[in-house]
Amino acid sequence: MDEIVSAVAEVARYLLPALGSIVLLYCAVSLLRHRFPSPEFAALVDTKTGEVHELTFWEISLGRSPTCDVVIDGDMTVSRFHAVIARRAKGWTIIDTFSKTGTFVNGRRIEKKTILENGDTLTFGSATFRFRL
């Protein structure tokens, strides 16, 4: 009986690392084969100052808070966490995060997720930006 256990242990000693290596190689090949395309780069251009904010992440938060990706300083009509712009399969979208003054796209207040187009005007409180692809 001890001989059988020794034989199984000896086989498992080499078989398990080999099996693990095969699984790891399969995962690596799968990841490399199914790469997601990099997002289109976009930017927000402040219409008052001309300052350009590059949107380099998949999700960008906007507001007065210093923890936001795009900080809108000195404007009390902008909420601390006013809106989120995100890259999705259909393109760039924006959603209002229950701000007091609302988020407007081309002068229309948005109530739900809205797809952004090149040249759209975004208004957060009294701050206005142009969306650029």
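Two strands pair if DSSP finds at least two bridges between them. Strands (E, at least two residues) and helices (H or I, at least four) are DSSP runs, numbered from the N terminus. The model is predicted: local features need pLDDT of at least 70, side-chain atom pairs count only at pLDDT 80 or more, and totals for chains, interfaces and linings use all residues. Residues are numbered from 1 along each chain as its sequence is written, and side-chain values use heavy atoms, with hydrogens and water left out.

With strand 5, the pairing is antiparallel over six bridges. A hairpin of two residues joins strand 5 to strand 6. Here Arg88 has Gly91 of strand 6 as its bridge partner. With strand 9 (residues 114-115), strand 6 pairs in the antiparallel sense over two bridges. Thr114 in strand 9 stands opposite Ile94.

The largest nonpolar core holds 20 residues. Such a core is a set of buried Ala, Val, Leu, Ile, Met, Phe, Trp, Tyr and Cys residues joined through side-chain atoms within 4.5 Å. Leu55, Ile85, Ile94, Leu122 and Phe124 touch the most other members. Strand 11 provides the largest share, three residues.

Ile85 is in contact (heavy atoms within 4.5 Å) with residues including Leu44, Trp58, Ile94 and Leu122, not counting residues up to four places away in sequence.

Terms used: Buried means under 20% relative accessible area, exposed over 50%, partly exposed in between (1.4 Å probe, protein chains only).
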